[in-house]
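Please look through the sequence and the model that follow, and keep both at hand while you read.

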Amino acid sequence: MSGRERRGLLQRCAIAAVACLAWNISAGELEKPASAPNGALTSAGTFYVTWSPDPDPIPINELFKIRFKVYRADDRGSLVPRAVVTANAWMPEHNHGTALQPRVESHGDGTATGEGFLLHMQGRWELRVGVALDGQMERATFGLLIEP
Ligand SMILES: [Cu+2]
């Protein structure tokens with residue numbers, strides 16, 4: 001293979017990879033693979049926060065953990081050191097939260113681990129996440145559908 005052929009092949013691979021990535025992103029909104037983290041911009045657009053439950057999918061009426069990561073919105077490869085994450089779950093149609101108060105520990109490197117989440121009913125829930133840094137707090141809300 002000549003250098004030119006190799007470069008051509010690399011370019012086609014790169015284009016295919018980008019196309020594949022774009023497809024994954026749009027497909028992810030319709031049908032999320034169990035292992036893919038959910039992510040969203042926070043309310044003022046400063047952070048991009050992701051979360052993934054353990055176990056996944058979230059079991060009904062059983063304890064689960066959540067792992068959070070906070071990235072800069074303008075550089076989603078960079079975690080935000082010292083970001084402090086808070087989270088709770090809310091059931092908007094019934095106007096109630098969880099019976100247990102989850103505990104979220106922020107690790108100082110832009111990651112956080114939440115324990116003690118328990119969604120005791122099937123139906124639509126919201127995971128409400130707060131991200132604080134230097135006295136400023138922004139929020140992101142994720143819809144959850146808990147099915148038996
Ligand atoms: Cu309820």
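The largest nonpolar core of this predicted model has 21 residues, and those with the most contacts inside it are Phe 47, Val 49, Phe 68, Val 70, Val 85, Val 129 and Val 131. A nonpolar core here is a set of buried Ala, Val, Leu, Ile, Met, Phe, Trp, Tyr and Cys residues joined through C-beta atoms within 7 Å. A residue is called buried if 20 or more other C-beta atoms lie within 10 Å of its own, exposed if 12 or fewer do, and partly exposed in between, with the C-beta atoms placed from the backbone. At least two residues of this core come from each of strand S2 (47–54), strand S3 (64–72), S5, strand S8 (111–117) and S9. Helices (H or I, at least four residues) and strands (E, at least two) are DSSP runs, numbered from the N terminus.

Because the model is predicted, local features need pLDDT of at least 70 and side-chain atom pairs count only at pLDDT 80 or more, while totals for chains, interfaces and linings use all residues. Residues are numbered from 1 along each chain as its sequence is written. The pLDDT is the predictor's confidence in each residue, from 0 to 100; its average over the protein is 84, and 76% of the residues score at least 70. Over residues 8–34, however, pLDDT stays under 50, and for this stretch the model has 3 contacts beyond four places in sequence. Two residues are in contact if their C-beta atoms, placed from the backbone, lie within 7 Å.

Taken as a whole, the protein has 1 helix and 10 strands, which follow the pattern α-β-β-β-β-β-β-β-β-β-β when read along the sequence. Of its 148 residues, 18% are buried. Among contacts with a separation of 6 or more, 52% are between residues 24 or more positions apart.

Two strands pair if DSSP finds at least two bridges between them. Strand S5 (residues 84–91) is joined to strand S9 (residues 123–133) by 7 bridges in the antiparallel sense, with Val 85 opposite Val 131 and Thr 86 opposite Gly 130. Val 85 also belongs to the core residues named above, and its contacts, leaving aside neighbours within four places in sequence, are Phe 68, Val 70, Val 104, Ser 106, Ala 112, Val 129, Gly 130 and Val 131.

The hairpin of S5 and S6 has 4 residues between the strands. In that loop lies Asn 95, whose phi near 60 degrees is a positive value in a residue other than glycine. Asn 95 counts as exposed because it has 7 C-beta neighbours inside 10 Å. Asp 134, in the loop between S9 and S10, likewise has a positive phi, of about 50 degrees, although it is not a glycine.

Turn now to S2, which pairs with strand S1 (residues 38–41) over 4 antiparallel bridges and with S3 over 8 antiparallel bridges. In the loop between S1 and S2 is Ser 43, which lies 97 residues from Ala 140 in sequence but has its C-alpha 6.1 Å from that of Ala 140. Not counting residues up to four places away, Ser 43 touches Glu 138, Arg 139 and Ala 140.

Within S2 itself, Pro 53 stands opposite Ile 66 in S3. Pro 53 is partly exposed because 19 other C-beta atoms lie within 10 Å. Beyond S2, the loop between S2 and S3 holds Pro 55 and Pro 57. The peptide bond from Asp 54 to Pro 55 is cis, with omega near 5 degrees, and a cis bond with omega of about 5 degrees also joins Asp 56 and Pro 57.
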